[in-house]
Protein chains: 2
Amino acid sequence: MLHPVVLSGGSGSRLWPLSRQNQPKQFLALIGDRSLYQETVIRASKLPGAQAPVTVCSGDHRFMVGEQLQEVGVANGGILLEPMARNTAPAIALAALHVIADDADASLLVMPADHLIEDETAFRNAVAAATGLADAGWLVTFGITPDYAETGYGYILRGEALSDDGFKVERFVEKPDLATAEGYVAQGNYAWNSGMFLFKARSYLDELAKHAPAIFAAAKASYEASESDLDFIRVGKDEFAASPNDSIDYAVMERTDRAAVVPVSCGWSDIGSWSSLWSVAQRDEDDNRHDGDVISIDTKGSLVRASDRRMIATIGVEDLVIIDTPDATLVARKDRVQDVKAIVDRLKAAGRQEHLFHRKVYRPWGSYDSIDMGERFQVKRIVVKPGAALSLQKHHKRAEHWIVVSGVAEVTCDDKVFDLHENESTYIPLGSVHRLRNRGTEPVELIEVQSGSYLGEDDIVRLEDVYGRS
Amino acid sequence: MLHPVVLSGGSGSRLWPLSRQNQPKQFLALIGDRSLYQETVIRASKLPGAQAPVTVCSGDHRFMVGEQLQEVGVANGGILLEPMARNTAPAIALAALHVIADDADASLLVMPADHLIEDETAFRNAVAAATGLADAGWLVTFGITPDYAETGYGYILRGEALSDDGFKVERFVEKPDLATAEGYVAQGNYAWNSGMFLFKARSYLDELAKHAPAIFAAAKASYEASESDLDFIRVGKDEFAASPNDSIDYAVMERTDRAAVVPVSCGWSDIGSWSSLWSVAQRDEDDNRHDGDVISIDTKGSLVRASDRRMIATIGVEDLVIIDTPDATLVARKDRVQDVKAIVDRLKAAGRQEHLFHRKVYRPWGSYDSIDMGERFQVKRIVVKPGAALSLQKHHKRAEHWIVVSGVAEVTCDDKVFDLHENESTYIPLGSVHRLRNRGTEPVELIEVQSGSYLGEDDIVRLEDVYGRS
């Protein structure tokens, strides 16, 4: 059976300021209403005979993965939490071990969570072609037929034909310079290395054991030490930490003699930068892509994205990327967007937060947004999802005022439990044990005014937590 | 005696989004800590023998004028409120009539509120030179020695010498094309028409009566119908409305045979656009001017201004103007900033608010900032100045929750009056008569959560108001 495996390990820092460590690229609705992760699992679930997708992700993103799956109604084939990033070779090994536990003959369709595919029919045909080769023991990589001489991708040179649509891999080549890339495109027998694969789980594990035994051993030990945590599978941390940090390309594909390639032209993009988002997005007659509240005069070839309750006006600019968020705005020349990473590096070096979190922070129970802040106070807008509850907690340094502006909140404050309706408020004194819960079917929205000498997120003592965070 | 007259009628829409109708350019701290208006009154008050400045402004800006004068400790020589804009000729007539009531031989130094003068010594010397000519009955205009061939200003051609530093005006010329402007600069006897004047109040009124009798009559009738309102002088509305709308240049200076010019080179700028602000501002080695939280990579020749609690990152851009405010961001090519006016026109045509108000709105008692808004709620941060009070008021459609986060507020709610300290809250039910007052010496800051079906500013019934707004 075909088991989609979605790799959600990327940090997407080239799409800052929209992409943040806490909510990277794959979880953002960059094109349309759904996130790239959601598009990926939907695409996978539509393949003939596909099982529920397995997701491999960071523990930090587990609730977002769970929620986004639920939102689009795709079944969960397992959410494996990587204790730390170790690149793709061990991540895929975890998924393979997870799948063969129930299906010894399983095939894996490995897909990064953050790629766009516009032509699903072409993709489906390529998957069918790759399935035949995988059944014959080949480790198949999908090679994207190049549209132009991209220097940012690795290339695959195809060798002898194995079927109507598949070839032996002759050679993997690193990112080329422009002249070399132009040569590859002209030759017609090179393809972009997409990072998507199809193989029997067994074939992959065998080749991994043969060519990268340390990775195989670490992944196996880590998987065997798994514990389940709510809907999630937490693999053994120390065991996983012992794995070499390596990609499937280096660890397996470049070493095995069973590598095959299925060329495909399916409107693929890895949306690796703001300029690549611009190039795949629908644009107006001046070649602009505007999202949100944008007023433009004589503007051309630009990607402009406004954020909520804010407008952007542009005059006489060309080939710019303007990305606005509640706490940071990027203005970059479109051909310089690779340097967004350098901005993120500067934020890191300065010990700042703008690369880690958005002003609005997602939690398993909903979200909070720090809408204002002063020397001794902070104001948050808090949304609690139906059925959800914050932890039972207390603070040492702050009192809180809660005003419900929508829905019905159940409030625990020391020994009292009571409901708070729209336009009702309560006071949580410093040190009191409290909890906020939504027993209703509509979201609860409330304004929290914190007052105190210290207002950091770390002044929180969790006494009980339904999400296992206490 | 010398009476400075500060004309504060400009709307400054070319400096949007920082300049808004409710708080135009002259009241903004564009360079340094003080507003252009404050710099103007300070400059005036330092002139030898200068009396307290008279300000002519729109009624909408009266509290801002009063406050800004107070902040810099400059005495108020009268704040004349124009009921509507009628250009400079009638505005100056009001000031002249106001001043001669007490000082029949008064001289007026007329200065727009929004000009920058860097070399105050040169300016002072020019004022001294002009005073001598004014005493002899001349209407003196200050002609700025041009640095370059500006096409955005009118020019003055000087004629015969009247003194060491003053000349008869030979001719006023309209904004020239570039070739003509270059010719003027090369000739050396042309100066920019700065909009600053010095003359006897009597001389101005005489010439106005002679050359523009309808303006003179309207201004006189309007001034005679004045009523005083707190610190302000409200001139007669219907009488003022009857005045032709005309500038001092057209109505008087181009018609009188008593026009003189004193050339001066004093680092003058009217900061008529973002690019002219950039050109007068101190810049870094890449010719950038950055204000606020800005991170730049390979950025040149740009003016970047971040707003509170927000950062701006730029990469690889050149000659841009990037101006951020809490609700709108402008990104424009520096040589296209004249088109900011077209953005403002679009906002007007669309019935929007972003050209009228900032998110933070100044009131005579302090300010409010709409920090969040939902379908049935709004959150405001309210600051009440020491000694100030909001009106006694009620709302038909909303209840309010107040949480004091700094200072001590005196709250009236129906028949109760009580103090609210930091970290204390109260509830103002729909329909109840309430008032907020600060009897202390520190500002009161509070968070107001409004809850209701309609949250517009017009749902307010003012029962009593110390600022005469009920």
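## Salt bridge inside chain A

A salt bridge is a side-chain nitrogen of Lys or Arg within 4 Å of a carboxyl oxygen of Asp or Glu. A:Arg20 and A:Asp327 form one, with their closest N and O atoms 2.8 Å apart.

This is a predicted model: local features need pLDDT of at least 70, side-chain atom pairs count only at pLDDT 80 or more, and totals for chains, interfaces and linings use all residues. Residues are numbered from 1 along each chain as its sequence is written, chains are lettered from A and ligands numbered from 1 in the order in which they are written, and side-chain values use heavy atoms, with hydrogens and water left out.

## Domains of chain A

Chain A is divided into domain 1 (2-269), domain 2 (274-346) and domain 3 (360-464). These bounds come from an automatic or database domain assignment. The C-alpha centres of domain 1 and domain 2 of chain A lie 30 Å apart. Domain 1 of chain A brings 13 residues to their contact, and domain 2 of chain A brings 16 residues. Contact means heavy atoms within 4.5 Å.

The area buried between domain 1 and domain 2 of chain A is about 1,500 Å². Carbon and sulfur atoms give 63% of that area. Buried area is the accessible area (1.4 Å probe) that two parts lose on being put together, summed over both. Between domain 1 and domain 2 of chain A, the count is one salt bridge. The count of residue pairs in polar contact between these two domains is six, both residues being at pLDDT 80 or more. A polar contact is a pair of N or O atoms within 3.5 Å; within protein, one must be able to donate a hydrogen and the other to accept it, and residues adjacent in sequence count only if both atoms are side-chain atoms.

## Where the chains meet

In the interface, 58 residues of chain B are in contact with 58 residues of chain A. The area buried between chain B and chain A is about 5,000 Å². Of this, carbon and sulfur atoms give 54%.

The rule finds ten salt bridges across the interface of chain B and chain A. A:Asp298 forms a salt bridge with B:Arg336; their closest N and O atoms are 2.6 Å apart. There are 38 residue pairs in polar contact between chain B and chain A, both at pLDDT 80 or more. On the side of chain B that touches chain A, strand β19 (residues 328-333) gives the most, with six residues.

## Strands across the interface

Strand β19 (residues 328-333) of chain A runs parallel to strand β17 (residues 311-315) of chain B, and five bridges join them. A:Val331 has B:Thr314 in β17(B) as its bridge partner. Two strands pair if DSSP finds at least two bridges between them. Helices (H or I, at least four residues) and strands (E, at least two) are DSSP runs, numbered from the N terminus.

## Backbone details

A cis peptide bond joins A:Trp16 and A:Pro17, with omega about 5 degrees. A:Pro17 lies in the loop between β1 (2-8) and α1 (36-45) of chain A. In chain B, the peptide bond from B:Trp16 to B:Pro17 is cis, with omega near 10 degrees.

A:Asp319 is not a glycine, yet has a positive phi of about 55 degrees. A:Asp319 sits in the loop between β17 (311-315) and β18 (320-324) of chain A.
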